[in-house]
Amino acid sequence: MIEIKNLTKRADSKLILRGIDLSIRKGETVAILGPNGAGKSTLLKVLAAIMKPTTGVVKINGLDLKKNILDIKQLLGYLPHSSLLYDHYSPLENLVFFGKMYRVHDVEQRAIRLVNEVGLSFFLNEPVKNFSRGMIQRIAIARAVIHEPEILLLDEPHTGLDQGAIAILNNVIVSMKEKGTTTLMVTHDFKQAAEICDRIIIMKNGTIVDDFYIEEQNLGFVVKKYQQQVEGVS
Amino acid sequence: MSMNLERENAALPESQLTGTRGIHVSKILFGATVISMLVSFYFIFIYAAEEKTMHAAQKIFYFHVSSAWLAFMAFFVTFVFSILFLIKRKRIYDMYAYVSAEIGVVFTIIVLTTGPIWARSAWNTWWVWEPRLITTLILFFIYVAYIMIRQMDGVWDKKARLAAVFGIIGFADVPIVFFAIRWWQTKFHPIVFGNGPSQQGGGMEDSMLVALLLTITAFTILYAYLLYKGVSFEKMRIKVEQYKEKLREKMEQ
Amino acid sequence: MNLLRTACLLAKKDLYSELKTKQVLLTQIIFAALVIVVFSFAFDPANNTTKAVIPGAVWVIIVFAGILGLNRSFISEQRNDTIQGLLVAPMEAASIYLGKFLANFMMILVVELISIPFLFLLFDFKFNGSLLYFIVVIFLGSFGFIAIGTFLAALSANSKSSEMLLPLLLFPITTPILIGVVQATRIILTNMEKFSSALAWIQLVTAYDVIFFVVCFLLIDYVLEV
């Protein structure tokens, strides 16, 4: 599904990504862990095609990121730190606008269904600017999946959410996973990573230092591996 | 300290090689600039005939026209390297575009200061709203804006890209500005080369023309020297930044 | 035609959002009114010679009110990083430009529709010229100004002080348009005998519009590239 070969990214004279090789199969849910400044968000931005890599090849679904950019963008759902929502618009209007951008059929029905799914149907027509952080994040995830993307790129989706919101968010991710969506998730939240992901990648200083599969939501295993790689504990 | 530098150079034989070649080019250009400037001074002040009504004040005309020529050429170079940068995305093209624009702005200022001095003795007024003057003024504003874009914060390739786009737009605008203003009002300027639509060609004596052409040549060489020097400064600046970054990385580890 | 479809979608989004908040449009109109008031202080409306500055005043209003709207058009997308939302969507940079251009153009037309009659009314200006050609000149001038203005707004939005940068970029570049439309407006409003010369100016402005619209279209990819 995603093939990355020798990817580097340089900003001025600082190397942010130093040679990433990664291959992710369809349907995998991958968590990217690592300390601040490891280049996790940058990797996600390169995949979302909003940042150009300095060198390297990225292939998504067999399509080259440089050549078939429009086709690839149709496959991607991207949720960064910020919500990407228009403040004056209601959830419905936001979702319908972005849905139309992706040429979703029956966009209004789908938007209403998604808002229901994230449990905000009561606020369907309220402007987003009055919402709390948790509510905004739930609408933001609905925005990212409005066109049923085949690849979901999430940048710290759990940050600042309460338990209820986390449960709803995880529900959406899991239900997307059941439909065969590939998910890449940058996170600091080991518990969530262990809970919903089946593969963990640990990044440090712009390179991948560890890459392993986990079973049965083994949180302790993830923490141990992370400490080994990042904090130098063995 | 010097030991260290030598060791660095030994590690990078390639850069040292280009370094010595660079010093030669720079020396040759410097020598050529000095010689051609001295020759053109001789022609301006001793060889060329003195103008009847303006006397010595007319001599500034040679520098005025040559500076204007240099500025236009510099902006054209910026335009060409802006296009090259957008196609090839090599940092060296961006450096040339930037340094050339800076030189252009400096010489536009010279044009805008020598112009009024000439105007004072020729037309008895400091400033006239006349096509070429206004065009030069607008040109000055366009390239000051270009340099403002370079002052933005952010990574170099973003700044270089935006500046290149503006360099292209700005230069494409110049002929239109000139025609619009020329159409708007045509009055004072003597047309030195060729004939204007509504004005008589002022005409020059041969000795003046020779002096003018020599000065223009001298200024062109001066431009080449400044461009070369400016770009090598930029290169050094980048190199220093790279060393700094390397040191920082070592300290972090 | 996907390009046009997404552009219209984007323009509709901007205009609808403007309809909800009325922030920018209201500011533009009040600003235009204030400029007119300042003009009345600077040039005595009772004096007959004041009529000569009306064509210039029209364009001063359009330019300054226009720049207020242009400043907002890309800055507003920085809130919640919605510009990223547009950039990850499957559309070309040209449609973002076209959409923003359409929205800005509509808004400046509304401002003109309100402020120019207001100006004529307050300065007791008798309209003798050809209304049709006046509208054509206003339309062409605003088109060019907003086309290049939207482009440069996208460019300057990368800067932290874009409100200050945009006028510095925009005014020198638009000089030909401003000269052309002010001359054409003056002839059409006050001196219809010289109409052929006004037509020449209109041609110049049209040529400028076409050239820069095409150039902006070609270069916008590089501006919005990330």
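# Close-up views of the predicted model

View 1. In α1(C), the buried residues are C:Thr6, C:Ala7, C:Leu10, C:Ala11, C:Lys13, C:Asp14 and C:Glu18. They cover an arc of only 150° around the axis, which puts them on the same side of α1(C); the arc is that of the directions from the helix axis to the C-beta atoms. A residue is called buried if 20 or more other C-beta atoms lie within 10 Å of its own, exposed if 12 or fewer do, and partly exposed in between, with C-beta atoms placed from the backbone. On the other side of α1(C), look for the exposed residues C:Asn2, C:Leu4 and C:Leu19.

Before you go on, note that this is a predicted model: local features need pLDDT of at least 70 and side-chain atom pairs count only at pLDDT 80 or more, while totals for chains, interfaces and linings use all residues. Residues are numbered from 1 along each chain as its sequence is written, and chains are lettered from A and ligands numbered from 1 in the order in which they are written.

**View 2. The neighbours and the length of α1(C).** What do the buried residues of α1(C) pack against? Their partners are α3 (91-101) of chain A, together with α2 (23-42) and α5 (93-122) of chain C. Helices (H or I, at least four residues) and strands (E, at least two) are DSSP runs, numbered from the N terminus. With 20 residues at 1.5 Å a residue, α1(C) should span 28 Å, and its end C-alpha atoms are 29 Å apart, which agrees. (The expected span is 1.5 Å times one less than the number of residues.) Just after α1(C), C:Lys22 takes a positive phi of about 55°.

**View 3. Where chain C meets chain A.** This contact takes 18 residues from chain C and 24 residues from chain A; two residues are in contact if their C-beta atoms, placed from the backbone, lie within 7 Å. On the chain C side, α1 (2-21) and α4 (82-88) each supply at least two residues. The most comes from α1(C), with 6 residues. By class, the side of chain C that touches chain A has 7 nonpolar, 7 polar and 4 charged residues. Here Ala, Val, Leu, Ile, Met, Phe, Trp, Tyr, Cys and Pro count as nonpolar, Asp, Glu, Lys and Arg as charged, and the others, Gly among them, as polar.

**View 4. Where chain B meets chain C.** Chain B gives 24 residues to this contact and chain C gives 21 residues. On the chain B side, α5 (131-150) and α6 (156-184) each supply at least two residues, and α6(B) gives the most, with 15 residues. That side of chain B divides into 18 nonpolar, 2 polar and 4 charged residues. Chain B itself has 7 helices and 0 strands, and 29% of its 253 residues count as buried.

**View 5. The six-stranded sheet of chain A.** Strands of a sheet pair through backbone hydrogen bonds, either parallel or antiparallel. In chain A, 6 strands form an open sheet in the order β6-β7-β8-β3-β9-β10, with mixed pairing; two strands pair if DSSP finds at least two bridges between them. At its edges are β6 (76-79) and β10 (207-213), each pairing on one side only. From one strand to the next, the twist averages 15°. Find β3 (residues 29-33) and β9 (residues 199-204) of chain A: they run parallel and are joined by 4 bridges. A:Leu33 has A:Ile202 in β9(A) as its bridge partner.

**View 6. The four-stranded sheet of chain A.** This open sheet has the order β2-β1-β4-β5, with antiparallel pairing. Its edge strands are β2 (14-24) and β5 (63-64) of chain A. α1(A) packs on the sheet, touching β1 (2-11), β2 and β4 of chain A, and its direction makes about 65° with that of β2(A). Axes are lines fitted to C-alpha atoms, for helices over the stretch in contact, and angles run from 0 to 180 degrees between N-to-C directions.

**View 7. Helix α6 of chain A, seen down its axis.** Which residues of α6(A) are buried? They are A:Ala165, A:Leu169, A:Ile173 and A:Met176. The buried residues of α6(A) fall within an arc of 70°, so they line one face of the helix. They pack against α5 (133-144), β7, β8 and α7 (190-196) of chain A. The exposed residues on the other side of α6(A) are A:Gln163, A:Gly164, A:Ala167, A:Ser175 and A:Glu178. Just after α6(A), A:Gly180 takes a positive phi of about 95°.
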